[in-house]
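Trainee: I have a new structure open and would like to learn how to read it. Could we go through some features together?

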Amino acid sequence: MASSTAWKAIFDKYKIHKHNFDAEPFELSAEQIKKATAHFTTTGEREVRVLCKQDSREDRPDVFIENGLFILPVHNGRFVIVKGEGYIDIPPIENEVKIYRSKLDFVPDTSNIGDSEMQHIDFAYAASLIRTFADDESLVLTIRGRKYTPEFSYRVGKFELTAKSVQTEVDAGYEGRNQVVLVEAKNSYTANTIIRQLFYPFRQWQQHTNKQVKTLFFERRNDCFSLWQFNFADEMDYNSIKLERSAKFSIEN
């Protein structure tokens with residue numbers, strides 16, 4: 001969770017409490033954050049990356065929660081604090097667990113070593129679960145890791161924002177003959193997530209391909225592999241995200 005004490009110092013220094021968030025977002029730079037938190041001693045209270053990492057509603061500092069705010073990067077080293085709903089619920093999957101028969105003809109020893117998001121998504125792909133859920137046998141792994149976005153504009157509520165050169169990270173991206181599938185993966189229970197983690201890569205890769213871009217949220221918990229497919233009804237609207245479908249699987253070798 002981002003430090004509430006540090007963010008109070010930032011709000012006090014720049015009089016953000018007095019800003020009219022109903023009229024416009026508040027712009028803030030990494031340098032300003034560093035100056036306002038220079039007197040703090042711990043990494044969690046002065047590191048820009050840590051302070052701005054608010055991946056769930058609960059990760060937000062108190063001043064954000066109390067005022068209905070969330071933070072978005074809009075350029076490398078520049079952010080905006082916005083009033084509105086920045087998160088999407090990851091709803092429990094009530095349907096029965098589906099038994100999925102792995103397409104592998106052996107049991108990988110290495111897939112059970114550790115507990116990382118990457119290894120779980122890799123195993124699900126190797127077993128062809130990702131291809132099956134996406135209904136696309138042509139999918140191959142082509143995207144992974146950190147990249148920077150091209151410039152694109154979008155709306156959050158009534159506000160229009162522009163993002164450029166913002167670092168994104170895709171846990172796994174697959175390209176098939178007619179589509180690109182982007183995956184945000186977690187290895188533990190997730191109640192909600194910031195929409196940005198799905199929206200920015202979606203807009204980013206839309207500009208690099210004419211194929212349909214789909215976004216999946218992936219979670220492995222209690223030996224089950226859960227998948228949610230989200231889409232954006234309006235690619236210009238950050239808040240137009242909708243859950244398309246979901247399912248949970250138990251992979252049998």
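This is a predicted model: local features need pLDDT of at least 70, side-chain atom pairs count only at pLDDT 80 or more; totals for chains, interfaces and linings use all residues.

Trainee: Thanks. What is the general idea behind such a pair, and where do the two partners sit?

Mentor: Side chains of opposite charge can pair when their charged atoms come close. In this case, arginine 144 belongs to strand 6 (residues 140-148) and aspartate 122 to helix 6 (residues 117-126), so the link spans distant parts of the chain, 22 residues apart.

Trainee: Is arginine 144 buried or partly exposed?

Mentor: Arginine 144 is partly exposed, with a relative accessible area of 30%. Aspartate 122 also counts as partly exposed, at 30% relative accessibility.

Trainee: How many salt bridges does a search of the whole structure find?

Mentor: The search finds 16. One of them joins the side chains of aspartate 55 and arginine 196, at 3.8 Å from N to O. Aspartate 55 is in the loop between helix 4 (48-51) and helix 5 (62-67), while arginine 196 is in helix 8, 141 residues apart. Here both partners are covered: aspartate 55 is buried at 11% relative accessible area, and arginine 196 is buried at 17%.

Trainee: How much of helix 8 is buried?

Mentor: Ten of the eleven residues of helix 8 (residues 196-206) are buried. Among them are Leu198, Phe199, Tyr200 and Trp205.

Trainee: Now the strands, please. How many bridges join strand 12 to strand 13?

Mentor: Seven bridges join strand 12 (residues 212-221) to strand 13, and the two run antiparallel. Two residues lie between these strands in their hairpin, where asparagine 222 takes a positive phi near 55°.

Trainee: Which strand pairs with strand 13 over eight bridges?

Mentor: That is strand 14 (residues 241-252), again in the antiparallel sense. Serine 226 is a handy landmark in strand 13: glutamate 219 stands opposite serine 226, and serine 226 stands opposite lysine 248 in strand 14.

Trainee: Why is strand 13 described as largely enclosed by the rest of the structure?

Mentor: Because eight of the nine residues of strand 13 (residues 224-232) are buried.

Notes. Residues are numbered from 1 along each chain as its sequence is written. Side-chain values use heavy atoms; hydrogens and water are left out. Buried means under 20% relative accessible area, exposed over 50%, partly exposed in between (1.4 Å probe, protein chains only). Helices (H or I, at least four residues) and strands (E, at least two) are DSSP runs, numbered from the N terminus. Two strands pair if DSSP finds at least two bridges between them. A salt bridge is a side-chain nitrogen of Lys or Arg within 4 Å of a carboxyl oxygen of Asp or Glu.
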